[in-house]
Amino acid sequence: MANVTLTKVGKLYEGDGGATFRAVDAVDLAINDGEFCVLVGPSGCGKSTTLRMIAGLEEISEGVLEIDGRMVNDVPAKDRDIAFVFQNYALYPHLTVAENVAFGLETRRTHRNALVAALTGASTARGEESAVIRARVAEVSKTLGLDALLHRYPRELSGGQRQRVAVGRAIARDPKVFLFDEPLSNLDARLRIETRTELRMLHRRLAATIVYVTHDQEEAMTLADRLVVMHKGRIQQNASAQECYEKPANRFVAGFIGTPPMNIVDGHLKAGAFVANGVSVALGAEHARLGDRACALGFRPDRVRLVAPNAPSSVSASIAAIERLGDRTDVALDSPWGRVVARLDADATRALREGEAAGIAFDAAHAHLFEPGECGGRIVV
Amino acid sequence: MKRSPLANTMLWFVLIMGTAAFIFPLWWMAVVSLETPQRAEAAITGSAGISLFPPSPQFANYANAVRETGSVPWMGFIDALANSIVVTVLVVLGTVVSSSAVGYAFARLRFRGRNPLFLVMLGTMMLPGQVTMIPLFLLFRQFGWIDTIMPLVVPAFFGNAFFIFMYRQFIAQIPESLVEAARVDGLGHVAIWWRIVLPLCRPVTAICAVFTFIGTWNDFLGPLIYLHSDESATLAVALNGFKNQYGGLEDVHLLMALSVLTMIPCIVLFIAAQKTFVEGLARGAVKG
């Protein structure tokens, strides 16, 4: 196992007519030994490109990549001692499950044997190594419950089984770093959640360094020791999942992490109150110290309270839609602040009807303020 | 789909007529190969009618044909058969190996001038063989390759434009991630081609191998131009010996007998490989 360090890593693509496109921009990232690091962001944010640069499948345009303290920018993928799990699994269709799992071991053996044979003039212990590989395949397949499938071909497996084989192939080699590129996105919702839990347990058992890419923020939050939120080729926040949720570094992270997403309203601060579209809500004395300035206000749906229309410190709204989820209810409200979503306790919402008037209130202590703009930074109160 | 009885009858009629038209020359070849020399000559010259069954099959014709191939009894046939096998196997091997390797390069490697090169390669398909025949002959004569199998075999190891094109199209459909997985697993391009791509190209390889086999096995012009001595002749050229040697048609029954024997490997191979073609087509269709 090893740590992975990216220093000012960037990826430039040459477009037509000499124009360059910067897919990854000056990414600084230090992943510790045994850490489960998840890169998350919308499609096109550069997360997969970053992962592929770590793997050696994509050339690094700028910056330095180190695995285990060794700079590997120009080291080919096969010599980086990494394992890569692809979104479509990339199992070799003409090989059985056992052969797929053993493949990486076999190729490595061939290389080493060739070298040993060249140096000593004897092909040593080939049978012994075969036995070692067989034992390793058996061990891995037992871990992943693949025993019964070893002699099947990939085309005879279900999506979930293929996914396991892909993980098995990665584990078998016992690499320094595991790289996962959206490995669950081809599974159905239920299986995705099950496999997610298994991956988490697997990580604990292997104590492996894992870099994992996904666009699903829920998957990212449940898996990550370290969550790296990316957007437009840049890291927006690099922290624990909990911290990204509670203290989003900027407006993008605030809107991306959490379901339903945070309510964010553009407006300005005026004498300790937030004003948007002519409607003002007092925040508190400490907010007054920030002065009068343009900013965005964010508050999470589960921090919203519904109060009587026209109650003090509330925003009048009408209920646009009610989504009952059993234990809780999501209420979408139309207000002068735009569409606001409230996540409420189911018991408290039984009497609510769509079309009714309501007041939106929230606790200023749990509100977030951001600088204006798409990636406006967090304003510390 | 339900067809009316009339449509069915029409369909069957057309199919049977088509089959008969294709089968008849082969059938007649087999019939003549079993005739007596007199009847065979009469049938070929048209002085007697065509019979669909030989009245008294002369199975000894086959033994005689084999014995009288070439100038040395029995050995002439063995020589020709061995030559045919060696040339055909080498040409099939060379064509499959080189065409798939070049197809892989065109499909998967990025290099300067790839597309122009590909067009040039496709352009060579437009050249009729007759145009290159004489320059090639002069070239191979310079090499001192006349009366060796080299002129027949060596070009195969430099690829065949049509099969390169087929391989390229097929390989381009193989997911990029498979190649990347192999790279991570420690393979270089040669190993990826040999261990991953080639096994996946089985349907193309079957088509390439069968067509190359049939083309080479039956090739008459190539061996006729380059192989002069009796011992180096292939079966296709040796067949022609029955005509040259005696000038007339008195041995046409032997010619037909040897023709039947020569055809057998092609038919067997075609039937055997048919399954792979179909399998390849079916797998492509249900890929999930």
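Two strands count as paired here if DSSP finds at least two bridges between them. Helices (H or I, at least four residues) and strands (E, at least two) are DSSP runs, numbered from the N terminus. This is a predicted model, in which local features need pLDDT of at least 70 and side-chain atom pairs count only at pLDDT 80 or more, while totals for chains, interfaces and linings use all residues. Residues are numbered from 1 along each chain as its sequence is written, with chains lettered from A and ligands numbered from 1 in the order in which they are written.

**View 1. E17(A) and E18(A) run antiparallel, joined by eight bridges.**
Look for A:Leu333, which sits opposite A:Val340 in E18(A). The link from E17(A) to E18(A) is a hairpin that passes through two residues.

**View 2. Strand E16 (residues 315-324) of chain A meets strand E17 (residues 328-335) of chain A.**
Here six bridges hold an antiparallel pair together. A:Glu323 faces A:Asp330 in E17(A) across the pairing. The hairpin of E16(A) and E17(A) has three residues between the strands, and A:Gly326 in that turn shows a positive phi of about 95 degrees.

**View 3. Now the whole open sheet of five strands in chain A, ordered E15-E19-E16-E17-E18.**
The pairing is antiparallel. Strand E15 (304-307) and strand E18 (338-345) of chain A are the edge strands, each pairing on one side only. On average, neighbouring strands of this sheet are turned by 45 degrees against each other, direction ignored; axes are lines fitted to C-alpha atoms, for helices over the stretch in contact, and angles run from 0 to 180 degrees between N-to-C directions. Inside the sheet, E16(A) also pairs with strand E19 (residues 357-362) of chain A, antiparallel and over four bridges. One spot to check is A:Ser316, whose bridge partner in E19(A) is A:Gly359.

**View 4. Two hairpins in a row share strand E12 (residues 273-276) of chain A.**
Strand E11 (residues 263-270) of chain A runs antiparallel to E12(A), with three bridges between them. A:His268 has A:Val275 as its bridge partner in E12(A). Two residues separate E11(A) from E12(A) in their hairpin, and A:Ala271 in the turn has a positive phi of about 50 degrees. E12(A) then joins strand E13 (residues 279-282) of chain A through four bridges, again antiparallel. A:Val275 turns up here too, with A:Ser280 as its bridge partner in E13(A). Two residues lie between E12(A) and E13(A) as well, and A:Asn277 takes a positive phi near 55 degrees.

**View 5. Another open sheet in chain A has four strands in the order E2-E1-E4-E5.**
Its pairing is antiparallel. Strand E2 (20-31) and strand E5 (70-71) of chain A each have a single partner strand, so one side of each is left without a neighbour in the sheet. Strand E1 (residues 4-14) of chain A pairs with E2(A) over eight bridges, and A:Glu14 stands opposite A:Thr20 in E2(A).

**View 6. Over in chain B, helix H4 (residues 75-108) packs on helix H11 (residues 202-217).**
The angle is about 145 degrees and the axes are 9 Å apart. H4(B) and H11(B) make a right-handed crossing (left-handed if the near helix is turned anticlockwise from the far one by less than a right angle, right-handed if clockwise). Contact residues (C-beta atoms, placed from the backbone, within 7 Å) include B:Val91 and B:Thr95 of H4(B), and B:Ala209 and B:Phe213 of H11(B).

How values were computed:
Contact = placed C-beta atoms within 7 Å.
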